[in-house]
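Dear colleague,

I am passing on the structure we spoke about, and I would be glad if you could look it over before reading my notes. The sequence and the coordinates come first, and what was found in them follows.

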Amino acid sequence: MNRPFGMLAELTYDCPLHCPYCSNPLNLADYREELTTAEWQRVLSEARALGVLQLHLSGGEPLQRRDLEGIVASARDLGLYTNLITSALALTPRRAEQLKTAGLDHVQISIQADEPALSDRIAGTPSYGRKLAAARLVKELEWPLTLNVVLHRHNIDRIGRILDLAEELGADRIELANTQYYGWAWRNRAALLPSRAQLDGAEAVVRAARQRLEGEMEIIYVIPDYYSKYPKPCMGGWGQRQLTVTPNGNVLPCPAAHTLDLPQATVREHSLEWIWEESSLFQRFRGTEWMPDPCRSCDRREVDFGGCRCQAFQLTGDAARTDPVCHLSPDHRLVDEAVRAANEGAEPGEAELIPRTHKENSNYYSPTGGSESERSVP
Amino acid sequence: MSIAVLSTNRPRLARQVRLQWDPVRERQVLLEPEGVLVLNQTGATILGLCDGERTVVEIVEELRGQYNHVAGDEVRDFLSRLVAKRLVELGDE
């Protein structure tokens, strides 16, 4: 059996932003009983023993956890490479220094656009100025800086100016990833999915920027899989390389897998090793045995692993079907219809977006009982 | 595009990467933002010698003390690939 390389630790779903494409679950209230510092430390130790080398600290907003510095320090002691994936609103100079001391290796900051009005509108809160200040702070402290930009109908036409901003900030990497349609993004799909003309424009800009910035900035560009011929090799295969731990300790083969009707596995009842190796959740779609046709007899079955189980479920109601993104899928018309609508629909920016709400999460549970004085919710 | 590695370069690991022993896989690994490179023994030995002090020629000589049939071209190719990925910096000539 393969050993996992990476673990996504979703420390909390609390977040100061309201992005309409948030991949967090809609039922945020179910995740309020967050793991304690000690529980996370046990999970990290078990993850390292299982083979994990990359730790992605995310959420929600991981800086909302007052014990983040302690979690980072434990991870570094274990030999994990620590990546912080943050909105950066709460990345004050003081916290940045503390994280540096704790040994944090790499910071990824989300930006929503290249200018304040649109960025703040998408984020649902004034945040652009503080994000830029935090990005500069990251460079001052000599961390590698990645900018994460989720692309969609409202900002993809600005990709050239977004790249200029990344260059100006001295980013080492930029991830320009089109929205994936899970969670809140699924709700907003019609308003987010770009047109083919928008994608063609973006790809030309990315090609030119890659040439111009070779050796200086790494540009990762991910097209919306709705427009690709074959599905994405989701997570490098179910239970093959990656795992996710949610704020309340559920373990998932991918961050969207909470949507599937499968038995839960939690670190509060089992070791990470047992969950990875033995749980029915991780075994359900591992390998190729579960596959129906056309995947079962396809030459690409070990290339894209049948695509994304969560997308198959979301579009067809059956997680064991071929990902409808694949042009060979018998359900491909479901994707074709969405793409057709995106190319006949309202002009970019006209369709209305439903922001992610926080009502469900208003009684924030603080597992360490720490001060929340630095939480910077405007 | 291939990046030329000169005999006189003094390669070193880029600041954002870590070379370490993984007791689980029993291999040396190179860790970088969002990535892991599991190294074979020769690769690990070469990177262990990339201290910004030794020149490429000196690294090849040290390898010849440890292994048979060390080809300088292969060492330079290996370093060139890692420089392109920004995992290794070439340092002064």
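In chain B, if one takes the contacts between residues at least 6 apart in sequence, 57% of them join residues at least 24 apart. Please keep in mind throughout that this is a predicted model, and that the values below are computed from it.

To stay with chain B for a moment, it has three helices and five strands, and from the N terminus on these elements run β-β-β-β-α-α-α-β. Its C-alpha atoms fill a box of roughly 35 × 30 × 25 Å along the principal axes. The radius of gyration of chain B is 13 Å, which agrees with the value near 12 Å that a compact globule of 93 residues would have. Of these 93 residues, 42% count as buried, and the chain exposes about 5200 Å², of which carbon and sulfur atoms supply 44%. As for charge, chain B carries 12 positive and 15 negative charges, whose mean positions are 4 Å apart.

Which residues of helix α1 of chain B are buried? In this helix, which covers residues 41-49, they are B:G43, B:A44, B:T45, B:I46, B:L47 and B:L49.

Of the 378 residues of chain A, 58% count as buried, and among its contacts between residues at least 6 apart in sequence, 76% join residues at least 24 apart. The accessible surface of the chain comes to about 15000 Å², and 48% of that belongs to carbon and sulfur atoms.

Most residues other than glycine have a negative phi, and most peptide bonds are trans. In chain A, however, a cis peptide bond with omega of about 10° joins A:G59 and A:G60, and A:G60 lies in the loop between β2 (54-58) and α2 (68-78). A cis peptide bond also joins A:D293 and A:P294, where omega is about 10°, and A:P294 is found in the loop between α11 (280-283) and α12 (309-316).

The loop between α11 and α12 of chain A also holds A:F305, a residue other than glycine whose phi is positive, near 55°. With a relative accessible area of 22%, A:F305 is partly exposed. In chain B, a positive phi near 65° is found at B:E34, which is likewise not a glycine. The place of B:E34 is in the loop between β3 and β4 (35-38), and at 30% relative accessibility this residue counts as partly exposed.

Conventions
Residues are numbered from 1 along each chain as its sequence is written. Chains are lettered from A and ligands numbered from 1 in the order in which they are written. This is a predicted model: local features need pLDDT of at least 70, side-chain atom pairs count only at pLDDT 80 or more; totals for chains, interfaces and linings use all residues. Side-chain values use heavy atoms; hydrogens and water are left out. Buried means under 20% relative accessible area, exposed over 50%, partly exposed in between (1.4 Å probe, protein chains only). Contact means heavy atoms within 4.5 Å. Accessible areas come from the Shrake-Rupley method with a 1.4 Å probe; for residues, only the protein chains shown count as cover. Helices (H or I, at least four residues) and strands (E, at least two) are DSSP runs, numbered from the N terminus. The radius of gyration is taken over C-alpha atoms; the globule rule is 2.2 Å times the number of residues to the power 0.38. Lys and Arg count as positive and Asp and Glu as negative; His and the chain ends are not counted. The place of a charge is taken as NZ of Lys, CZ of Arg, CG of Asp or CD of Glu.
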